[in-house]
Amino acid sequence: MTPSSSTPDSRGRSGVSRRGFLGYVVGASTLVVAADLRLGTPAYAAVPSPPQIAELYDLEDLQTDAARPTAQMITIAVEKDGTATFALPRMEVGQGITTSTAMIIAEELDLPIEKVRVSLAPARPELVFNQLTGGSNTTVSTFTPIRVAAAVAKGALLEAAAIELGSAVALLESKAGVVRAPDGSSITYAELAGKAASSTTRQVEVDLKPASSFEVVGKPANRVDARDIVTGRKKFAMDLDVPDALPTMVCRPPTLNGSPRALRNRGAVEAMPGVSDVAVVDTGVAVRARTFGQCIDAIRAMDVDWKPGPIEGESDESILAELRRAEAPLAVPKVPALAKAIEAKFTFMFRSSAALEPYAAIADVRADRAEVWAGLKSPIVAQEDIAKATGLAQSKVKVNVITGGGSFGHKLFGDHAIEAAKISQAMGKPVRLMWHRADEPRQGRVHPMATSRVRATHLAGQVLSFEQRHTSVETDFSHGLGEMLTSSAAELPAGLGNLGFAESIFALTQELPYDFGAVTQLLTETDTRFNTGSMRNIYSPDVRTANELVVDQLARAMRKDPVAFRLQFLKDVRVRAVLKKAAEIGHWGRSMPAGTAQGIAIHKEYKGATAVLVEIDCRPETVNRKVRDAATGPRVTKAVVAVDAGLVVNPRGLEAQMMGGFSDGLALALTSSLHLRDGHFLEASWDNYFYTRQWNVPPEFECAIVNPGLDQPGGAGEAAVASSFAAVACAYARATGKLPTKFPINHDDPIRFEIKSFVPPVPASPTDGLDHTY
Amino acid sequence: MPQQTFILNGRSLTVDVDDDVRLLWVIRDIVGLTGPKYGCGINVCKACTSHLNGKAFNPCSVRVGDISATDEVTTIEGLADTVDGELHPMQEAWLEHDVAQCGYCQPGQIMAAVAKVRQKGGSVTDADLDEIRNICRCGTYNRIREAIKAGAERM
């Protein structure tokens, strides 16, 4: 905890001794400390076969390793008011990382959480790959470096306090931002901040607190931004006060990725109330006005000559046929002739990854510089793209990262920021760009449609083989993860560097955690015409749902209980532990009425594991219940999530992520999809795209955290999605006696909403709000 | 340009804007209060839920010209001022249950919750909670339900 002299011969990798870490006190007028963001990540073994790649080296390791070659410092300042400030090079989108980061600093610095201020760092190109928020990797990759920096700060404060109090560092005690000496004298961090400052930068070695003495990390804490949220003070990109950045929206094409040829009634649109500017850009026709409402009116009045998009005429059926043609054959491993086979084919429809906060960005592009404010999980790539789009040098583009109103993978891309910059440049004025809700499902990023074929063989109580062929419309990884992979390719485990981006990420994330003999899981991708992205948990929700449904089929064929079967074949003790926990607290096996059932599923990823147990009601009186403009159908009445996420920084935040992940899995299984017809997606509203709503929510939800006793954190943000989706699907199969093969299960029901117009592309703003008060 | 007068969070104000502009944009783009959020603009997502004379409504779907000078509009920013104490009991319950994730829908959720509890005479059942249409894309629905029940007890 305190700085000590380093002994070079005791240092291992990264110049760090077995116990200690190196950090820096930086020359400044107040105490500023730094640590290398690459610190503290263990080296991983090369990958032998036959274990699957993800078992020994996964996406977490890739993201953490990709950061190694670049010099990257994070700094914490102790200010003269006694607070500690830190600019986190990641993006808060609701996952709670500003809270957990404040907790980590508070712990190591012995400062109350309220005195730690965590902001989001703007794009820092020198970080290269180390400013991407994704893969549930934030806490995994930043836990140790942030602790080291905080420990360096505390060491410097104690050294300064020793002089001030006339004592020795070893005799001092620090607590809640105050240092006390044995004689009862004390001094605050506020008083020490200037005194601990250094005129030069020097290296120090620190030890970190042992986990056994943690007082903040591991204890439930509420979000640091909760009060701002409940009082309406929290600002999102659209809420920022940037002078002259007037509301701006885009009239978008009637088919996906179409483009404008010309605006035929420009004069009439420019003359509309409130309208200040109109500009044709590559994605559509932009309008800037005094209010967003006037932008909507202007868009509805536009007469645009459109060039059709690349998927004109395509539909769910034609894309699905294309996927089926692209499916790789199952390899049929050598198994005895008497072995029995189970084969199943699943289809997963397009889904929208849009958050509630639509794509929004403020841009102010001038002749010689640009500044952008937006929710961006990959701000360095956005900065490069904006520089390219505007013809400015990257160093002239400032990209401010703003807390997002959700992301779910959607804000990995800078589509909104790039579009805002182009419009600002075209208009020569600052703009406050907002996508209309209808734009999001219709033109925004989607989770690609996919099929998954599974074939498993079993004989004499053993599973001999398990093959999976996953075929998907291409997932776009051009937000930096792909580049990270290319740059790391040479250092990756054997074979990985030879695969394409998507196949590599598939291999890095997919792991079937069962002893099922010969296991192969392969991805084939097709069709690059869609706007896709890594929707929360990327491939795993679909892949694992296909797996777990077949696991239940195997259990049934072998006359085993689904939980007992899984416990018998699971390879990993941590997965077994969460499964046992979920089964125990969810009362697995309890008697249920006909038409209702339990379902259970597991998932292993992000250096942790989850198990989800649900109870579903598929009885007609439930399925056919009526809620206006809504998807009802089967209702999950109870959900239990057991999670092992390694060392847990904030149990309350982890539970929140499990709850949210469950809501996503539930929607993927039962209600949420996009319908592609005639070259466009039909959905244009939250009453068309059926994400989970209150009438779908299980009245009973429970989350149990299983502690594996590890000293490193795992990922949380995406950990519950796959197991939740799979558990609901398994429960549905057990309740109805039918194996569901297309997801969500309601996709082929008659369209239950009036399809909104494509020209104009946005609906009229209603006027009857006063008829719907309560 | 017509003048529009109404009471916003306890204070009468007048703005120059056409009758046809929806109240949400008057509040956000002209007055500059950003608590009510845009999530759809067609009275579906309910992220802009505020109160009109104490009842929940969605300003995205009300023309400012349809509001009169004596109408009292309360946004999340003004909710606490309608009660004694620093925060409204529903806001307190929200903090205690650590409901929010990204926070974008939460102003609307809280305003809807207060109105739903009033509509149901002070206590809510699971069936009542199922009636709330506000989207939470982070999916923190169970904490919303728990907080509404807790907040109702103190309202």
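I started with the largest nonpolar core, which has 282 residues. Those with the most contacts inside it are Val152(A), Ala153(A), Leu157(A), Val372(A), Val612(A) and Val728(A). My note on terms: a nonpolar core is a set of buried Ala, Val, Leu, Ile, Met, Phe, Trp, Tyr and Cys residues joined through C-beta atoms within 7 Å. Buried needs 20 or more other C-beta atoms within 10 Å of the residue's own, exposed is 12 or fewer, partly exposed is in between, and C-beta atoms are placed from the backbone. α4(A) gives this core the most, 15 residues. Helices here are DSSP runs (H or I, at least four residues), strands likewise (E, at least two), numbered from the N terminus.

Before going on, I noted that this is a predicted model, where local features need pLDDT of at least 70 and side-chain atom pairs pLDDT 80 or more, while totals for chains, interfaces and linings use all residues. Residues count from 1 along each chain as its sequence is written, with chains lettered from A and ligands numbered from 1 in the order written.

Next I looked up Leu157(A). Leaving out residues up to four places away in sequence, Leu157(A) touches Leu31(A), Val78(A), Val179(A), Tyr189(A), Leu192(A) and Ala196(A). In contact means C-beta atoms, placed from the backbone, within 7 Å.

Then I turned to α4(A) and its partner. α3 (97–109) and α4 (138–165) of chain A pack at about 35 degrees, axes 8 Å apart. Axes are lines fitted to C-alpha atoms, for helices over the stretch in contact, and angles run from 0 to 180 degrees between N-to-C directions. Among the residues in contact are Ile104(A) of α3(A) and Phe143(A) of α4(A). I got 9 nonpolar, 4 polar and 3 charged residues for this contact. Nonpolar covers Ala, Val, Leu, Ile, Met, Phe, Trp, Tyr, Cys and Pro, charged covers Asp, Glu, Lys and Arg, and the others, Gly among them, are polar.

Last, I checked the chains: 60 residues from chain B meet 60 from chain A. α4(B) gives the most to chain B's side, 5 residues.

Notes:
Contact = placed C-beta atoms within 7 Å.
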